[in-house]
Amino acid sequence: MRIAILSDFHLGYGRFRDDAFRQAEEALSKAASMADVMIIPGDIFDSRAPEPDVIAEAINLFRNLSRREWKAKTIEFSGEGQPYTSVPIIAIPGTHERRAKDAADPVDILGLAGLLVDISNATAIIESEGEKLAVRGIGGIADERFRQVVCEINPVPVKGMFNVFVFHESLYELLPFNEDFMRLEELPQGFDLYVCGHIHGRVEATVHGKKLLIPGSTVLTQLKEGEQEAKGFYVYDTKSMSYEYVRINSRRFVMQKIDVGKFGSGEVVSAVEAGIESMIGGANDRPVIRVVIEGNIPRGSSVEMDLNDMARRYEGRAVVEVSKSGITEDAVRSVYTRERVAFEKMSVKDYGIGIFLEKIKESGTDTGRISPVELLDILSSEQSKDKAVAKALEELLES
Ligand SMILES: [Mn+2]
């Protein structure tokens, strides 16, 4: 069987909302024409409570897909929940969709609507022309609880068929940010292929002698160095145990560092403009361009104001972001002596969770039966601060 692995569509992502939809649509339709089965390891949505318009977008994407003539069928299901369709489109919720335990997340909605098979804590068995494939998913678990949950559940492969393990969590080797993150060697043994979402640049690694594939997001989100490669998805062939990365038509992203130290103040703006022009080139694709200014620019100077105004000047030709990351990153690094690579790869949300966990640890607070990440989920589940605190206290006092 040919398995397409697509991830992190982030439907509803505010900054590039049209891109998120269009690029997910292209990835899904291309993948459907190339593969027998689709696996989506999380973050279909950008938020745990998407607006009705965004849910409608997702329904439109998956309805068209689920109406295709699929040769492969989901024939068995075991674990939490149940399948409401036999289409071989398998998904789990990611970090962006995670909600407090027992609350319905937006991937649940797609599953209940029969548009895909949700394997948050379940195994789906797919059959095509006599070949069987078992896909075991664990979704919606906080990074630092993942190891414990995997230990408790102890997922085992199904005998006599090709087995895939699907998850959406940070791995210590890829994000050495928190000692509690799962190590590659701690992933359950005996599976033929490991599939993960979460990381927005693509990663290929080896786990217990088998492949771990992370396709990266289909939409640009973090504007980091590693995101300059075109977006896409994997297609893995169970017979040959080989795979390919298929690119989609994603918006081009280019990043350039410009050291302003070597220019006189009269030349800085034109040097930055020349840099931007070279990155736009002759193309008509309205690329996202990030210029990182290195060196000092006097605060409040006309140069600084010109640079701040740069995005507006290129409107229609490019999405320009000029950042003085030399300064901000230095400041961040002096506070958090983390490995830089970890910070570069990490989303703002994960970074925030890290800080929250650290504070909880420092204060010696015992959160009882709910984990600190669940507490943070509860605290961020309400629009109003008062309501969120009341809800969190209720949970804490109960435990
Ligand atoms: Mn994501």
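Is H208 buried, exposed or partly exposed? H208 counts as partly exposed because its relative accessibility is 30%, where buried means under 20% relative accessible area, exposed over 50%, and partly exposed in between, using a 1.4 Å probe and protein chains only. H208 sits in the loop between β10 and β11 (210-214), and its phi, near 45 degrees, is a positive value in a residue other than glycine.

Before I go on, a word on the basis: this is a predicted model, in which local features need pLDDT of at least 70 and side-chain atom pairs count only at pLDDT 80 or more, while totals for chains, interfaces and linings use all residues. Residues are numbered from 1 along each chain as its sequence is written, and side-chain values use heavy atoms, with hydrogens and water left out.

Let me turn to the metal site. The manganese ion is coordinated by D8 (OD), H10 (NE2), D43 (OD) and H200 (NE2), at 2.1 to 2.3 Å, with donors taken as N, O and S atoms within 2.8 Å of the metal (3.2 Å for Na, K and Ca); water is not among the atoms, so sites may look incomplete. Along the chain these donors follow the spacing D-x1-H-x32-D-x156-H. Of these, D43 in the loop between β2 (37-40) and α2 (52-66) and H200 in the loop between β9 (193-196) and β10 (203-207) are 157 residues apart, so distant parts of the chain are linked; helices (H or I, at least four residues) and strands (E, at least two) are DSSP runs, numbered from the N terminus. D43 counts as buried because its relative accessibility is 1%, and H200 is buried as well. The phi of D43 is also positive, near 55 degrees, in a residue other than glycine.

Now the domains, whose bounds come from an automatic or database domain assignment: domain 1 covers 2-247 and domain 2 covers 253-323, and their C-alpha centres lie 37 Å apart. In contact, that is, with heavy atoms within 4.5 Å, are 8 residues of domain 1 and 8 residues of domain 2. The area buried between the two domains is about 730 Å², of which carbon and sulfur atoms give 61%; buried area here is the accessible area (1.4 Å probe) that two parts lose on being put together, summed over both. On the domain 1 side, L223, E225 and Q228 lose the most area to domain 2, together 61% of what that side buries.

Finally, salt bridges, each a side-chain nitrogen of Lys or Arg within 4 Å of a carboxyl oxygen of Asp or Glu. The structure holds 25 salt bridges, and the count between domain 1 and domain 2 is 2. E225 forms a salt bridge with K257, the closest N and O atoms being 3.8 Å apart. E225 lies in the loop between β11 and β12 and K257 in strand β14, so this pair ties together parts that are 32 residues apart in sequence. The side chains of R15 and E321 also meet in a salt bridge, at 3.1 Å, N to O.
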